Amino acid sequence: MRVLTEQEMFWMENFGDEYIERNPVTLAARREKGLWTQILSRIEETPRSVLEFGCNIGINLVALARLLPKARLCGLEINKQAATQAERNLAFLERERERERERERERLAYCGSPSLTVKNQDTTLSLLAASLSI
């Protein structure tokens with residue numbers, strides 16, 4: 001069995017629990033989003049997955065989820081309370097992503113209606129603009 005380091009013990013105990021209370025995920029993720037926007041702007045290829053070691057409550061993962069909506073996000077955390085909160089935060093984001101995908105499917109289904117027949121070019125442009133919410 002491996003012996004835990006001093007730092008691992010530090011984060012597993014009270015300090016890790018108190019850190020959760022000092023850093024509400026919504027405020028911290030908003031702050032980190034600017035940092036990740038800058039970092040992501042400097043790389044050529046958009047990441048398809050992210051693995052964060054020591055993710056705590058998932059602050060970076062929440063920020064990245066908003067910037068990389070198609071990416072698979074994973075985190076590892078030694079503090080059980082923080083890991084539980086990170087799971088909740090990422091589950092909330094996944095439900096949010098699913099609602100967005102559903103809205104997109106509904107929008108695409110509406111725009112692609114095969115039963116719509118238009119005879120006049122002006123009407124076609126008006127209907128197109130309306131379906132695209134222009």
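Strand β1 (residues 49-53) has the highest mean pLDDT among the elements of the protein, at 92, whereas helix α6 (residues 121-131) has the lowest, at 51. Here pLDDT is the predictor's confidence in each residue, from 0 to 100, and helices (H or I, at least four residues) and strands (E, at least two) are DSSP runs, numbered from the N terminus. Over residues 113-125 the pLDDT is below 50, and this stretch has 4 contacts in the model beyond near neighbours in sequence; a contact means heavy atoms within 4.5 Å.

This is a predicted model, in which local features need pLDDT of at least 70 and side-chain atom pairs count only at pLDDT 80 or more, while totals for chains, interfaces and linings use all residues. Residues are numbered from 1 along each chain as its sequence is written, and side-chain values use heavy atoms, with hydrogens and water left out.

**Overall confidence**
- The protein has a mean pLDDT of 78, with 77% of its residues at 70 or more.

**G34**
- Helix α3 (residues 25-41) contains G34.
- G34 counts as partly exposed because its relative accessibility is 36%, the class between buried (under 20% relative accessible area) and exposed (over 50%), with a 1.4 Å probe and protein chains only.
- Between G34 and A63 the C-alpha to C-alpha distance is 8.7 Å, at 29 residues apart in sequence.

**G75**
- Strand β2 (residues 72-76) holds G75.
- With 34% relative accessibility, G75 counts as partly exposed.
- Leaving aside residues up to four places away in sequence, G75 touches L51, E52, C55 and L61.
- G75 lies 9.6 Å from N60, C-alpha to C-alpha, and the two are 15 residues apart in sequence.
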